Amino acid sequence: MPTDNIVIDRPPQRAEVPDHLPGGSTVVILNDPITPAGVVVEAIVYGTGLPESEALQRMLRAHRGGWAPIASYASRDVAESVAAKIQIHARQN
């Protein structure tokens, strides 16, 4: 009987969104005393497609260190588009 390491009782995992890509453009967030943490997490999920748990970890990194990388992309245009989506979503909420 061949052994495959395939798990069929759960959906496939999403591809990871790296927080650093050598030679790429990185979207970062800054900690601020005004925006609620829940809004930041929601905006990160909306802008990047990251799972909520990963968005929470990246938000906490910014909360503790003052800033944090959120996602890195090969294209500056894509990074700017993602950053704009995050910013617009956060401002609307």
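The chain exposes about 6,800 Å² of accessible area, of which carbon and sulfur atoms supply 55%; accessible areas come from the Shrake-Rupley method with a 1.4 Å probe, and for residues only the protein chains shown count as cover. This is a predicted model, in which local features need pLDDT of at least 70 and side-chain atom pairs count only at pLDDT 80 or more, while totals for chains, interfaces and linings use all residues. Residues are numbered from 1 along each chain as its sequence is written, and side-chain values use heavy atoms, with hydrogens and water left out.

Of the 93 residues of the chain, 28% count as buried. Buried means under 20% relative accessible area, exposed over 50%, and partly exposed in between, with a 1.4 Å probe and protein chains only. The secondary structure comes to three helices and two strands, in the order β-α-α-β-α from the N terminus. Helices (H or I, at least four residues) and strands (E, at least two) are DSSP runs, numbered from the N terminus. Among contacts (heavy atoms within 4.5 Å) between residues at least 6 apart in sequence, 71% join residues at least 24 apart.

Helix 3 covers residues 76-92. At 1.5 Å a residue, its 17 residues should span 24 Å, and its end C-alpha atoms are 24 Å apart, which agrees; the expected span is 1.5 Å times one less than the number of residues. The buried residues of helix 3 are Ala 79, Val 82, Ile 86 and His 89. Because they cover an arc of only 100 degrees around the axis, they are on the same side of helix 3; the arc is that of the directions from the helix axis to the C-beta atoms. An α-helix has 3.6 residues a turn, so residues three or four places apart point the same way. The buried residues of helix 3 pack against strand 1, helix 1 and strand 2 (67-73). On the other side of helix 3, Arg 76, Asp 77, Arg 91 and Gln 92 are exposed.

Ala 79 has a relative accessible area of 5% and is therefore buried. Leaving aside neighbours within four places in sequence, Ala 79 is in contact with Ser 25, Val 27 and Tyr 73. In helix 1 (residues 37-48), Val 40 is buried as well, with a relative accessible area of 18%.

A search of the whole structure finds two salt bridges, each a side-chain nitrogen of Lys or Arg within 4 Å of a carboxyl oxygen of Asp or Glu. In one, Glu 54 pairs with Arg 58, the closest N and O atoms being 2.8 Å apart. Glu 54 and Arg 58 are four residues apart in helix 2 (residues 52-65), and so are separated by about one helical turn. Glu 54 is partly exposed at 30% relative accessibility, whereas Arg 58 is buried at 5%. In the other, Arg 76 pairs with Glu 80, with closest N and O atoms 2.8 Å apart.

On the surface, Val 28, Leu 30 and Trp 67 form a nonpolar patch with about 340 Å² of accessible area together. Patches are made of residues with over 30% relative accessible area and no salt bridge; like charges are joined within 9 Å, and nonpolar side chains (Val, Leu, Ile, Met, Phe, Trp, Tyr) within 5 Å. Val 28 lies in strand 1 (residues 25-30).
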